[in-house]
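Take a look at the fold below. We will walk through its packing step by step.

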Amino acid sequence: MKESPNTASADAYFQSLRKQLGTTTQLTAAQGLGNPGYESASGTVVILKDGKTLRVDATGMPAASGPHQLSRAVLAYEIASDILGCWRE
């Protein structure tokens, strides 16, 4: 989580992470719970909310984890959505 001093710097950081990750896929509004976000196939999810950037990086996890053998990308999204579900200002 990175808290930026204002929305312009938060957006700039959000965009810079996207460039660092390379190829990403835009999250739908439902996936980001109404917030802009994107994910990489390698297992990173980034979501922007309230001037804060949430980055969940599961690239260090095994290719498939848990009893349901979740991929890194799915695991990162699950963690990000759990955090967003609890997020309060």
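Start with what covers the buried residues of helix H2: the cover includes strands E3 and E4, strand E5 (52-57), strand E6 (64-65) and strand E7 (70-71). Keep in mind that this is a predicted model. H2 itself runs over residues 72-86 and has 15 residues. From first C-alpha to last, H2 reaches 22 Å, close to the 21 Å expected at 1.5 Å a residue. The buried residues in H2 are Ala73, Leu75, Ala76, Ala80, Ser81 and Leu84.

Lys49 touches Leu84, along with Asn35 and Trp87, when residues up to four places away in sequence are not counted. Lys49 lies in strand E4 (residues 44-49). Lys49 is buried, yet has no salt bridge. Its nearest side chain of opposite charge is Asp50, 4.2 Å away.

Now turn to the aromatic rings. The model holds one aromatic pair. The rings of Phe14 and Tyr38 have centres 4.8 Å apart and planes at 55°, so the pair is tilted. This pair links distant parts of the chain. Phe14 sits in helix H1 (residues 7-21), Tyr38 in strand E3 (residues 37-40), and the two are 24 residues apart. Both Phe14 and Tyr38 are buried.

One more ring deserves a look. Which charged end sits over the ring of Tyr13? That of Lys2, placed 5.1 Å from the ring centre.

How values were computed. Residues numbered from 1 in each chain as written. Predicted model: local features only at pLDDT ≥ 70, side-chain atom pairs only at ≥ 80, totals over all residues. Heavy atoms only, no water. Phe/Tyr/Trp six-rings, centres within 6.5 Å; stacked < 30°, edge-to-face > 60°. Helix = DSSP H or I, 4+ residues; strand = E, 2+ residues; numbered from the N terminus. Buried < 20%, exposed > 50% of the residue type's maximum accessible area, 1.4 Å probe, protein only. Lys NZ or Arg CZ within 6 Å of the ring centre and 35° of its normal. Lys, Arg positive; Asp, Glu negative; His and termini not counted. Salt bridge = Lys/Arg side-chain N within 4 Å of Asp/Glu carboxyl O. Contact = heavy atoms within 4.5 Å. Expected span 1.5 Å × (residues − 1).
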